[in-house]
Amino acid sequence: MYVIPKPNIRTLLAFAHDLVAAVAAWCLAYWLRFNLDIEEPYLQSMTQTLPWVVISQALIFLWFGLYRGIWRYASLPDLKRILLAVVLAAMVIPLVLFMLRIPAVVPRSVLVLDPILLFLIMCGSRIAYRSWKEHRMYSLANLQAKPVIVLGAGDAAAGLVKDLNRSHEWRVVGFLDDNLETRGKLLHGVKVLGQIDDLADHAQKMQIQHAIIAMPSASHAARRRAMNVCVNAGVKALTVPSFDDLLSGKVTVSQIRHVELDDLLGRDPVVLDSAGLKELFAGKTILVTGAGGSIGSELCRQIARFKPQRLILFDLNEYALYSIEQEFQSGFPDTTIACAIGDIKNRARVDQVLAQYRPSVVFHAAAYKHVPLMEEQNAWEAVLNNALGTYVLAQAAVEHRIEKFVLVSTDKAVNPTNVMGASKRLAEMLCQALQQSSHTRFVMVRFGNVLGSTGSVIPKFREQIEKGGPVTVTHPDIMRYFMSIPEAAQLVLQSAVMGKGGEIFVMDMGEPVKIADLAKDLIHLSGFSEEEIKIVYTGLRPGEKLYEELLADEENTLPTPHPKLRIAKARPVEAQWLNSVLTWITQPQPLNGDQVKQDLSKWVPEYGNGQNQTQSCKEKRA
């Protein structure tokens with residue numbers, strides 16, 4: 001039942017307006033019925049019935065809640081409520097007049113004309129008020145708003161200009177679109193001026209400093225081209241949220257933002273086996289090591305979507321674990337989590353966690369990943385954490401009868417030229433060896449760099465740009481594969497579903513990107529030119545390759561049902577090798593960097609072969 005809102009001046013004025021409209025509509029209906037000259041008997045009929053008509057309509061208006069809305073925001077739902085109220089009133093009024101036995105004859109045409117006129121008056125008043133109010137407010141605001149041109153003239157652009165018409169910050173002065181059929185057309189009163197390549201001319205003519213790229217469903221190549229046009233025109237580029245975010249309802253088209261690297265290096269969305277993931281995770285306990293890191297935390301977010309019974313967040317870093325715990329408490333309140341601080345090399349602690357929570361699946365993302373830091377003084381720690389830690393956790397998983405163990409590996413494990421890569425390849429081999437005599441299914445997943453991860457070049461470049469430069473790149477030809485953190489996590493989960501045990505999954509990383517080009521893009525996205533922020537080449541760091549690979553020379557790949565995943569058929573691991581390497585990595589005395597490298601070349605043959613890989617890769621690509 002509708003509750004009458006607390007009276008205020010605006011509610012009373014709106015109610016009074018509708019009463020006047022009801023009187024006017026009833027009188028106007030008589031006036032029109034008798035060709036602008038109401039005869040005396042019917043004039044008396046009009047005045048006798050008018051109070052009962054107005055009272056009936058007023059009660060119906062209140063019952064329909066016509067005064068909950070604000071006229072300034074009158075919209076289609078408000079007009080629908082008015083229509084329903086008027087139609088009901090048209091049916092009720094004859095019944096009221098009959099039951100009250102009003103001694104008056106009401107022409108049938110009046111009963112038809114009255115609701116039509118009343119609907120037109122009530123709706124027209126509201127629409128007129130909204131138009132006047134918006135014109136008055138936003139015409140004044142537009143005087144202070146910055147002029148902006150929109151690249152793209154599709155649905156997103158139309159929605160954007162509609163929202164920005166109410167903005168105090170932006171004033172859309174035109175569209176640019178490569179579709180010639182739209183040229184000269186108007187979208188919400190704004191003209192399509194020409195093609196995207198014409199931006200420089202229009203920017204200079206109209207004194208425009210900003211452009212909004214409103215092409216969320218366009219290809220990444222098209223958006224990159226639009227970004228380059230903005231750079232060449234000396235215009236700062238903004239963009240709208242991604243198409244997926246718009247569809248999900250998480251954001252609106254008016255929430256414009258600066259263009260990010262993901263927009264330029266983005267890839268097609270990952271298609272996931274949702275049914276398989278739900279079967280793997282729903283109602284089960286899942287453990288993620290390195291849960292506070294870039295990949296580990298994203299894995300936790302993705303897994304939470306599939307309603308696990310419990311999610312165990314395992315990490316050695318107290319602050320990282322605290323941060324992800326706080327995020328889950330606010331962002332995923334329905335997901336039960338447990339935060340476990342511990343070192344994966346500590347078998348007692350690992351056993352305690354596995355025995356207490358009995359997870360079904362373990363995702364092992366904890367690792368030391370920074371190549372130069374692990375190359376010299378910390379080489380032995382890299383081996384202990386990445387290889388021994390993996391073995392301790394994997395062996396505990398076998399003994400606690402974990403269903404599936406997923407190792408997050410790296411493209412640096414392919415023909416490794418550094419200790420970090422060799423230690424990750426050693427971790428893969430240890431899992432391969434355990435798979436031979438275990439019911440636990442071991443799945444390994446390799447991928448390259450992820451945008452914005454901890455320790456990646458992107459945060460470093462941003463910090464250097466904020467300080468005014470220079471941006472340091474090790475070599476003008478150095479190249480890396482990149483993907484976004486969510487995409488990497490999604491493909492790890494997809495590999496977990498597909499893995500039967502012992503596979504090394506390799507992600508389709510697309511085309512490699514020059515780090516120098518990445519630095520240039522970030523400089524441009526930050527609103528600077530390469531003359532303002534210089535790029536300085538500092539030389540390759542210890543253990544650094546010019547080019548990364550996703551498959552070693554001796555490996556072949558097999559296709560999978562998923563287009564972004566292939567299986568690497570790696571060299572098999574002998575049982576004798578496992579016993580020998582365990583003796584080496586469990587020795588009590590730490591080894592220096594040179595000794596670690598010498599021993600690694602014996603345990604990981606690809607490492608010995610990979611020392612000259614940089615040059616061979618360069619020759620291949622040349």
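A residue is taken as buried here when its relative accessible area is under 20%. By that criterion, 50% of the 622 residues of the protein chain count as buried in this predicted model. The accessible surface of the chain comes to about 30,100 Å², and carbon and sulfur atoms hold 55% of that area. In terms of secondary structure, the protein chain has 23 helices and 22 strands.

Helix 1, which covers residues 9–33, packs on helix 2, residues 40–63, at an angle of about 145 degrees, and their axes are 9 Å apart. This crossing of helix 1 and helix 2 is right-handed. On the helix 1 side, the contact is made by Phe 15, Asp 18, Leu 19, Ala 22, Val 23, Trp 26, Cys 27 and Tyr 30. Helix 2 answers with Tyr 42, Ser 45, Met 46, Thr 49, Leu 50, Val 53, Val 54, Gln 57, Ala 58, Phe 61 and Leu 62. Sorted by class, the residues of this contact are 15 nonpolar, 3 polar and 1 charged.

Helix 13 (residues 347–357) and helix 15 (residues 379–399) pack with their axes 10 Å apart and at an angle of about 40 degrees. Helix 13 and helix 15 are therefore oblique to each other, and their crossing is right-handed. Arg 347, Val 350, Asp 351 and Leu 354 form the helix 13 side of the contact. Their partners in helix 15 are Val 392, Leu 393, Gln 395, Ala 396, Ala 397 and Glu 399. The class tally for the contact of helix 13 with helix 15 is 6 nonpolar, 1 polar and 3 charged residues.

Burial comes back into view with helix 19, which spans residues 515–525. Of its 11 residues, 8 are buried, so helix 19 is largely enclosed by the rest of the structure. The buried positions in helix 19 are Ile 515, Ala 516, Leu 518, Ala 519, Asp 521, Leu 522, Ile 523 and Leu 525. Just after this helix, the backbone at Gly 527 takes a positive phi of about 90 degrees.

Terms used. Residues are numbered from 1 along each chain as its sequence is written. This is a predicted model: local features need pLDDT of at least 70, side-chain atom pairs count only at pLDDT 80 or more; totals for chains, interfaces and linings use all residues. Side-chain values use heavy atoms; hydrogens and water are left out. Axes are lines fitted to C-alpha atoms, for helices over the stretch in contact, and angles run from 0 to 180 degrees between N-to-C directions. Helices (H or I, at least four residues) and strands (E, at least two) are DSSP runs, numbered from the N terminus. Angles under 35 degrees count as roughly parallel, over 145 as roughly antiparallel, 65 to 115 as roughly perpendicular and the rest as oblique. A crossing is left-handed if the near helix is turned anticlockwise from the far one by less than a right angle, and right-handed if clockwise. Contact means heavy atoms within 4.5 Å. Ala, Val, Leu, Ile, Met, Phe, Trp, Tyr, Cys and Pro count as nonpolar, Asp, Glu, Lys and Arg as charged, and the others, Gly among them, as polar. Buried means under 20% relative accessible area, exposed over 50%, partly exposed in between (1.4 Å probe, protein chains only). Accessible areas come from the Shrake-Rupley method with a 1.4 Å probe; for residues, only the protein chains shown count as cover.
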